[in-house]
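This report goes through one protein model, beginning with a single residue and its surroundings and then moving on to the whole chain. The sequence and the structure come next.

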Amino acid sequence: MDFKARAKELVAKMTLAEKLSQMKYDAPAIERLGVLAYNWWNECLHGVARSGMATVFPQAIGMAARFDTALMGEVATVISDEARAKYNEYKKFGDTLIYQGLTYWSPNINIFRDPRWGRGHETYGEDPYLTGEMGTAFIKGLQGDGKYRKLDATIKHYAVHSGPEKERHSFNACVSEYDLYETYLSAFRYCIEKADPSAVMGAYNRTNGEACCASKTLLKDILYGEFGFDGYVVSDCGAICDINNHHKLTQTEAESAALAVNNGCALNCGSAYAHLKTAVAMGLLDEETVTEAVERLFEARIRLGMFDTDCEYDNIPYEVIECEKHRALNRKMAQESIVLLKNDGVLPLGKDVKTIAVIGPNADDTSVLLGNYNGTPSRYSTLLRGIQDAFDGRIYYARGCHIFDDTLHDWAEHPLREAVIAAQKSDVVVMCMGLNPSMEGEEGDGFNGDMSGDKPDIELPVSQKKLLEEIIRVGKPIVFVNVSGSCVNLSRADEACGAVVQCFYPGAEGGGALADILFGKANPQGRLPVTFYRSTDDLPPFEDYNMDNRTYKYFSGSALYPFGHGLSYTSFTRAAEQFDAQARTTTVRVKNTGNITGTDTVCLFMKRVRGEGKERYRLLGFKKAALAAGEEKQLTFEIEAQYMEKIANGEYEIVFEVE
């Protein structure tokens with residue numbers, strides 16, 4: 001089926017005014033041509049969002065901690081099933097409103113270069129290869145492999161975008177060519193080559209002086225030129241108006257709109273493209289360029305089956321939404337996104353534990369399940385609820401403190417003493433601490449005032465530090481569960497607690513999944529997709545986009561928990577046994593040396609051992625090995641020629657962990 005030809009034929013029947021009207025995200029109907037009104041804006045970062053009931057999976061950063069493209073693909077397929085089921089019902093109303101369509105502005109494949117960036121938990125972490133792999137699996141699951149496209153996936157925010165949120169409408173991210181290609185563009189190129197995403201969303205900021213949504217360098221030269229992208233570009237919301245209002249690169253909205261369209265941005269979220277008619281009249285934009293942009297948009301709509309009656313996805317029923325099968329997959333993903341950072345033997349909790357104190361401001365907070373850009377689960381399990389449902393003994397619950405407010409207010413509840421009492425009465429304390437999505441988000445989110453969604457540092461709030469010290473004094477074994485979408489300084493917990501668990505915003509089934517880990521029903525296998533630093537002092541200035549001393553690849557200090565770290569209730573050995581330079585493969589033998597079944601997440605890194613180079617480590621691949629006690633398996637990793645050469649000449653060596 002020639003979707004391009006059909007789009008050309010349809011667009012050829014449109015007047016200039018009709019074509020211009022279709023370049024706005026809230027495109028009106030063209031009744032004489034049978035074109036229904038359509039709103040392009042939809043979200044599905046970790047489940048269908050902002051559209052009522054849906055299966056809410058762990059936040060993106062949590063799903064990245066699974067290091068599993070197959071499971072990510074299953075999740076994305078569920079999301080696309082639910083999105084299609086909703087669309088199939090919504091379209092019966094005769095038009096498609098915001099959050100009711102098939103063109104989804106997900107995933108976010110920016111690189112989480114600095115843990116202070118509030119939106120980092122929307123990403124797949126700090127590594128371009130992991131991001132590319134997870135993004136590719138997600139895109140394929142959304143878009144399907146049928147005659148028609150199931151959904152449109154949109155990779156964002158292109159490019160060089162990761163804060164500061166407060167300045168995103170005017171900020172100029174300055175980067176070297178090395179960092180541009182090795183870090184900031186790498187996952188975009190990877191996803192385009194491997195998954196053919198339908199769309200790319202431009203970022204708010206400038207990169208090296210050019211507005212990202214109107215950049216000749218980023219869009220025409222690199223995206224459409226070097227990367228061979230064949231889809232459409234959409235602006236972030238309001239980003240075109242920023243070009244004149246904040247970046248000061250143009251004088252008017254008409255000039256900004258023309259600059260964006262001329263450089264390849266076909267669709268505008270915002271109001272700037274209402275001025276396209278003026279831009280054409282002024283000679284800033286010609287109709288041929290408009291036609292090309294609109295043809296891209298209608299090729300996408302036709303490819304989605306919007307103009308046909310034989311689309312294979314039209315029969316997906318509404319009943320699939322949050323069905324038992326989807327909830328079971330959600331719990332599995334949540335279990336396997338949890339990372340065991342430290343364990344001195346207190347976990348899993350055994351039969352000898354009769355009383356548990358569950359303490360902390362995140363224990364019974366539903367917001368930490370959902371993250372941001374989320375849907376609405378009809379059922380959910382908070383961390384407290386999950387532990388209660390799984391445990392037959394006595395549970396004492398105490399909030400302990402406000403999540404960040406350390407001010408003593410008259411007539412307010414003071415829960416610290418209750419927490420101390422609960423700890424005294426218990427055999428084990430489970431502390432549910434960390435952040436919530438109001439404390440790390442995008443512009444306009446959060447409690448940080450001037451930071452506008454970003455974090456000022458990587459410290460736990462003072463209120464929680466005080467609570468932790470009081471519970472440590474009680475002297476009971478402590479399982480410290482950190483709930484956050486980013487790195488938090490866990491040095492004190494690592495020093496004083498028997499176990500430390502990282503629970504990224506875990507989705508609607510998060511409480512049950514955490515309980516499965518704590519009581520040993522599931523064996524942890526998550527790995528950190530970001531570095532957990534010891535101090536904010538370890539970080540370069542937030543506004544500096546140079547990658548020196550950032551992420552595991554370039555960090556020269558000593559991390560508390562490095563990228564890729566994650567423990568199990570069993571133990572494994574790994575050894576690289578065969579290295580075939582000609583076939584560009586290495587064989588790794590993995591053995592479960594413990595006494596219970598477990599799954600090893602084998603990460604293959606190369607580490608620089610001699611010679612000059614900016615990069616200290618590079619992730620080459622990752623695979624899962626599910627092993628019974630004593631069982632061995634052989635895994636084969638393919639390695640790109642350029643890296644095989646570096647290993648062969650002794651510049652780098654193969655390792656399985658970042659030190």
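## Phe188 and its surroundings

Beyond the neighbours within four places in sequence, Phe188 contacts Ile109, Asn110, Ile155, Lys156, His157 and Tyr158. The model is a predicted one. Phe188 belongs to helix α7, which covers residues 186-195. Its relative accessibility is 0%, so Phe188 counts as buried, the limit being under 20%.

One of the contacts of Phe188 is His157. The two residues are 31 positions apart in sequence, and their C-alpha atoms lie 9.5 Å apart in space. His157 is part of strand β4.

## Cis peptide bonds

His157 also takes part in a cis peptide bond: the bond from Lys156 to His157 has omega near -5 degrees. Both Lys156 and His157 are among the residues that Phe188 contacts.

A cis peptide bond also joins Gly163 to Pro164, with omega at about 0 degrees. Pro164 is in the loop that runs between β4 and β5, the latter being residues 172-173.

Phe67 has phi near 50 degrees, which is a positive value in a residue other than glycine. Phe67 sits in the loop between α3 (60-64) and α4. With a relative accessibility of 1%, Phe67 counts as buried.

Thr551 is likewise a residue other than glycine with positive phi, here near 60 degrees. Thr551 lies in helix α20, residues 551-554. Thr551 counts as buried, at 1% relative accessibility.

Gly146 is placed in the loop between α5 (128-143) and β4 (152-158). Its relative accessibility of 35% falls between the limits of 20% and 50%, so Gly146 counts as partly exposed. Apart from neighbours within four places in sequence, Gly146 is in contact with Glu312 and Tyr313. Ser367 is 221 residues from Gly146 along the chain, and 36 Å separates their C-alpha atoms.

Glu295 is in helix α12, which spans residues 287-303. At 15% relative accessibility Glu295 is under the 20% limit and therefore counts as buried. Setting aside residues up to four places away in sequence, Glu295 touches Ala7, Lys8 and Val11. Lys13 and Glu295 are 282 residues apart in sequence, with a C-alpha to C-alpha distance of 11 Å.

In soluble globular proteins, nonpolar side chains tend to be buried together. The largest nonpolar core here has 128 residues, and the members that touch the most others are Met23, Trp40, Tyr158, Leu223, Tyr273 and Leu619. Helix α4, residues 69-90, gives the most to this core, with 9 residues. Tyr158, named among these core members, is also one of the contacts of Phe188.

Which residues does Trp40 touch, not counting those up to four places away in sequence? They are Gln22, Lys24, Tyr25, Ala27, Thr103, Trp105, Tyr232, Leu267, Leu297, Ala300 and Arg301. There is also a second, separate core of 80 residues, and Ile359, Val368, Val429 and Ile471 are included in it.

## The protein as a whole

The secondary structure consists of 21 helices and 22 strands. The radius of gyration is 25 Å, close to the 26 Å that the globule rule gives for 659 residues, so the protein is as compact as a globular protein of that length. Along the principal axes, the C-alpha atoms fill a box of roughly 75 × 65 × 50 Å.

How much of the protein counts as buried? Of its 659 residues, 61% do. Where contacts join residues at least 6 apart in sequence, 76% of them link residues at least 24 apart.

The accessible surface amounts to about 24200 Å², and carbon and sulfur atoms account for 47% of that area.

Key. Residues numbered from 1 in each chain as written. Predicted model: local features only at pLDDT ≥ 70, side-chain atom pairs only at ≥ 80, totals over all residues. Heavy atoms only, no water. Helix = DSSP H or I, 4+ residues; strand = E, 2+ residues; numbered from the N terminus. Rg over C-alpha atoms; globule rule 2.2 N^0.38 Å. Buried < 20%, exposed > 50% of the residue type's maximum accessible area, 1.4 Å probe, protein only. Contact = heavy atoms within 4.5 Å. Areas by Shrake-Rupley, 256 points an atom, 1.4 Å probe, with all protein chains shown as cover. Core = buried A, V, L, I, M, F, W, Y, C linked by side-chain atoms within 4.5 Å.
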